[in-house]
Amino acid sequence: MKQTIHPPDHRAVRLRNGAAHAAPPPDRTTKRRRTTSPQWAAWAFLAPVTLYLALFYAYPLYRNLDLSLRDYTVRSFVQGDAPFTGLQNYQKVFDDPTFAPALLHTVLFTGVCLAFQYAIGLALAVFFNQHFRLSATLRALFLVPWLLPLIVSASTWSWMLNSDSGIVNAALHAVGLDPVNWLTSPSWSLTSVIIANIWIGVPFNLVVLYSGLQSIPSGLYEAAALDGAGAWRRFWSITFPLLRPVSAITLLLGLVYTLKVFDIIWIMTKGGPADSSTTFATWSYQLGFGNLLPAFGPGAAVGNLLVVAALVFGLVHVRVQRKQALS
């Protein structure tokens, strides 16, 4: 005779002090609260960041894109009834005779500044990594250019490179060289702002690369020294390869910062003389605010070109980092 086995019943009884009591059913609402409460907490933490990004990043980018696609004047900018023109503002920018020199100056300014800032910052980081006496004090002094306001740094360089009373021309005269019109000569104006920007950007590279050097195990250098590797061999075989991730992010941040440099160039040369130091950043400002009849649309279009350039380099960096992680 077969015995029938019944499934367990949630209403099973349990004995307590000799009395039978029915077991309470599982509380489904409690489980739902437990699963949903972490989600609400996560959204609560994300809400301030999302709101900040939407207000200070997404909305300005949208407004700048809208400016570049409409024919805005001072009246229409206030009333908001500018007609839609599509890509005409971009066509005006490309056809403008200032576009080619500004593009060349932007590439030269960004490339030269990045190369020298990284090279000098890396050399100083390796130097201070020796941990000699007064290393911390000297490293702190190198941070002064980075901590100063840009208007102070640019004004100081304008005084130093002044053709008549500048200390640089005074030093050249002391060694028997002719003075140079650093800020008023079309041949030297771009070089002047490049020198000033390199001086300002070196401390950032020093700090980031020095932090990267601290993460390299010292045992690798000791093993390489026991194998007879010299200083240069240890640098090219250990230091430089292991600093690649830090170097990549340093160059990317430096690229984004250098593309949008405006204060230094405007204070020192205002993009002149004869547009010899005009970059996309200063040209965008001149179009939008530097004339009696501002061209808001073309100025926004030039600004969007800078945004696209920074976005492209950022995506390239992410792709390279992903390939390195997979390999």
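Predicted model: local features only at pLDDT ≥ 70, side-chain atom pairs only at ≥ 80, totals over all residues.
Ser-277 sits in the loop between helix 13 (263–268) and helix 14, where helices are DSSP runs of H or I with at least four residues, numbered from the N terminus. Its relative accessible area is 0%, so Ser-277 is buried; buried here means under 20% relative accessible area, exposed means over 50%, and partly exposed is in between, with a 1.4 Å probe and protein chains only.

With a relative accessible area of 75%, Ala-274 is exposed. Leu-134, in the loop between helix 4 and helix 5 (135–141), is likewise not a glycine and has a positive phi, of about 65°. Leu-134 counts as exposed because its relative accessible area is 56%.

As for helix 14 itself, the helix is mostly covered, with eight of its 10 residues buried. Those residues are Phe-280, Ala-281, Thr-282, Trp-283, Ser-284, Gln-286, Leu-287 and Gly-288. They pack against helix 3 (88–95), helix 4 (99–128), helix 12 (244–259), helix 13 and helix 15 (296–326).

Next come the aromatic rings. Rings of Phe, Tyr and Trp (the six-membered ring for Trp) pair if their centres lie within 6.5 Å; planes under 30 degrees apart count as stacked, over 60 as edge-to-face and the rest as tilted. By this rule the model holds 21 aromatic pairs. Tyr-52 and Tyr-57 make one that is edge-to-face, at 5.9 Å centre to centre and with 65° between the planes. Tyr-52 is partly exposed because its relative accessibility is 44%, and Tyr-57, at 46%, is partly exposed as well. The pair of Phe-280 and Trp-283 is tilted, because the planes meet at 35° with the ring centres 6.2 Å apart. Phe-280 and Trp-283 are three residues apart in helix 14 (residues 280–289), so about one helical turn separates them. Both are buried. Phe-262, Trp-266, Tyr-285, Phe-289 and Phe-296 form one aromatic cluster.

Leu-209 belongs to helix 9 (residues 189–214). At 0% relative accessibility, Leu-209 is buried. Leaving aside neighbours within four places in sequence, its contacts are Tyr-118, Gly-121, Leu-122, Ala-125, Leu-243, Val-246, Ser-247 and Thr-250. Gly-121 is 88 residues from Leu-209 along the chain, yet their C-alpha atoms are separated by 7.3 Å.

On confidence, pLDDT (the predictor's confidence in each residue, from 0 to 100) averages 85 over the protein chain, and 88% of the residues score at least 70. Over residues 9–16 the pLDDT is below 50, and this stretch has 14 contacts in the model beyond near neighbours in sequence.

Residues are numbered from 1 along each chain as its sequence is written, and side-chain values use heavy atoms, with hydrogens and water left out. Local features need pLDDT of at least 70 and side-chain atom pairs count only at pLDDT 80 or more, while totals for chains, interfaces and linings use all residues.

Note on methods. Helix = DSSP H or I, 4+ residues; strand = E, 2+ residues; numbered from the N terminus. Contact = heavy atoms within 4.5 Å.
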